[in-house]
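Open the model in your viewer and keep the selection panel at hand. Each stop below says what to select and what is there.

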Amino acid sequence: MEENKDKKLDDFVKKVVKNIGLETPSDHFTQSIMSKIAAQKENSTVTIYKPLISKTGWLVLAAITLFLFAFIIFGNLDLNVGWLPSIDQVASYKIDFFDTLKQLRLPNTLVYGLMGLTFFIYVQIIFLKKHLENRYATN
Amino acid sequence: MSQKPDDYLIDKVIKGENNAYAELVDRYKQMVYTLAYKIVKNREDAEEVAQDTFVKAYNALNDFKGDSKFSTWLYKIAYYRSLDYLKKNKRRVETTKIDISEEYNIASLDDALDALEAKDRTEIIKHAIQKLPGEDSVLITLYYFETLSMNEISKVMGISPNTIKVRLFRGRKRLAKILENNLEKEIIHSYGRK
């Protein structure tokens with residue numbers, strides 16, 4: 001009985017829903033979608049990602065660096081520039097400096113604290129970067 | 001007009017022929033618009049959501065794998081876009097709270113509807129469907145108008161076929177009740193005019 005009633009209702013709703021059909025959007029519906037898509041294409045070419053230093057730029061920079069190093073190492077360079085302090089003088093300062101550093105003793109707690117802090121700063125960089133990137137993301 | 005299959009048109013769009021997409025839009029705009037309208041219950045908003053749906057579908061067309069029908073995939077986007085739209089605008093849509101345990105009489109309901117003029121009849125039915133909660137209304141449209149299978153509806157709305165069955169059962173009862181109430185009002189109203 002109850003099932004029969006539901007079947008009747010089922011047929012009734014089918015008839016009713018078929019009867020009313022669908023809603024129709026405005027006349028310029030398709031047109032405005034197509035123009036939105038076209039506009040979107042134009043936009044994406046304007047804001048296309050372009051690296052500050054192009055690939056060729058990097059190649060040139062690398063070549064220059066390599067050349068300089070090669071020149072320093074293999075080049076016939078006269079380093080005896082008269083006004084430079086002699087190597088011994090510079091070295092003695094340095095050794096003094098490193099000796100005092102060696103004597104420096106920090107409490108373990110401070111060292112662990114500093115290590116933790118450094119670690120979290122690096123982690124934070126990742127999150128901040130993501131956050132800032134999301135700010136400009138559309139949708 | 002010969003109907004080219006969806007896949008053929010989709011291939012063309014991916015190859016860069018935008019005109020083919022216009023054809024797809026024309027083919028599905030009514031259904032997508034109707035679904036959006038059922039949920040946001042406002043013509044301007046529905047138009048916006050429907051347009052959004054097609055733009056989004058266009059952008060995601062490369063990801064469309066073809067393991068479901070294009071229409072099902074499109075309806076799913078439309079359904080979720082509409083829900084998102086409601087959420088974003090924090091709008092609560094007014095729907096009726098009908099107790100579905102109430103009794104109704106289909107035979108007299110059918111007769112009463114038949115007695116009305118076609119235009120009035122459509123108007124009353126549309127109004128009643130509009131009063132249903134958005135999801136029920138979408139469900140009824142997909143099932144009775146689009147005649148999608150339970151499995152396809154389940155893909156679109158992300159609920160299990162069993163839940164769909166239960167909700168359809170409740171939805172059509174609710175619809176009958178709303179119709180009955182509205183018809184009573186209409187009949188009283190038209191008597192008053194005479």
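Select B:Thr147. Is it buried or exposed? B:Thr147 is exposed, because 10 other C-beta atoms lie within 10 Å. The cut-offs: a residue is buried if 20 or more other C-beta atoms lie within 10 Å of its own, exposed if 12 or fewer, and partly exposed in between, with C-beta atoms placed from the backbone. B:Thr147 sits in the loop between helix 7 and helix 8 (150–157) of chain B. Helices (H or I, at least four residues) and strands (E, at least two) are DSSP runs, numbered from the N terminus. Check the backbone too: B:Thr147 is not a glycine, yet its phi is positive, about 45°. Most residues other than glycine have a negative phi.

This is a predicted model: local features need pLDDT of at least 70, side-chain atom pairs count only at pLDDT 80 or more, and totals for chains, interfaces and linings use all residues. Residues are numbered from 1 along each chain as its sequence is written, and chains are lettered from A and ligands numbered from 1 in the order in which they are written.

Go to B:Lys41. Here phi is positive at about 60°, and B:Lys41 is not a glycine either. B:Lys41 lies in the loop between helix 2 and helix 3 of chain B. It counts as partly exposed, because it has 19 C-beta neighbours inside 10 Å.

B:Asn42 counts as partly exposed, with 15 C-beta neighbours inside 10 Å. Now draw a C-alpha to C-alpha distance from B:Asn42 to B:Gln130. It reads 10.0 Å, across 88 residues of sequence.

**Inside helix 7**

Select B:Leu142, found in helix 7 of chain B. B:Leu142 is buried, because 25 other C-beta atoms lie within 10 Å. Which residues does B:Leu142 contact, leaving aside its neighbours within four places in sequence? Show B:Tyr75, B:Leu148, B:Ile153 and B:Val156. Two residues are in contact if their C-beta atoms, placed from the backbone, lie within 7 Å.

**The largest nonpolar core**

Select B:Val32, B:Leu35, B:Ala36 and B:Leu175. Among the 47 residues in the largest nonpolar core, these touch the most other members. A nonpolar core is a set of buried Ala, Val, Leu, Ile, Met, Phe, Trp, Tyr and Cys residues joined through C-beta atoms within 7 Å. Helix 2 (residues 18–40) of chain B gives this core its largest share, 12 residues. Domain 1 (6–88) and domain 2 (106–193) of chain B both contribute residues, so the core lies between them. Those bounds come from an automatic or database domain assignment.

Centre on B:Leu175. Leaving aside neighbours within four places in sequence, B:Leu175 contacts B:Ala128, B:Ile129, B:Leu132 and B:Ile140, and also A:Val13.

**Across to chain A**

Colour by chain. The contact takes 24 residues from chain A and 30 residues from chain B. On the side of chain B that touches chain A, at least two residues come from each of helix 2, helix 3 (43–59), helix 5 (106–115), helix 6 (118–131), helix 7 (134–145) and helix 9 (161–193). Helix 2 of chain B supplies the largest share of that side, 10 residues. The residues of that side divide into 17 nonpolar, 6 polar and 7 charged. Ala, Val, Leu, Ile, Met, Phe, Trp, Tyr, Cys and Pro count as nonpolar, Asp, Glu, Lys and Arg as charged, and the others, Gly among them, as polar.

**Helix 1 against helix 2**

Show helix 1 (residues 6–14) of chain B with helix 2 of chain B. Their axes are 7 Å apart, at an angle of about 145°. Axes are lines fitted to C-alpha atoms, for helices over the stretch in contact, and angles run from 0 to 180 degrees between N-to-C directions. Select B:Asp6, B:Leu9, B:Lys12 and B:Val13 in helix 1; they meet B:Asn18, B:Ala20, B:Tyr21, B:Glu23 and B:Leu24 in helix 2. The residues of this contact divide into 5 nonpolar, 1 polar and 3 charged.

**Zoom out**

Chain B has 9 helices and 0 strands. Buried residues make up 32% of its 194 residues. Chain A has 5 helices and 0 strands. Of the 139 residues in chain A, 4% are buried.
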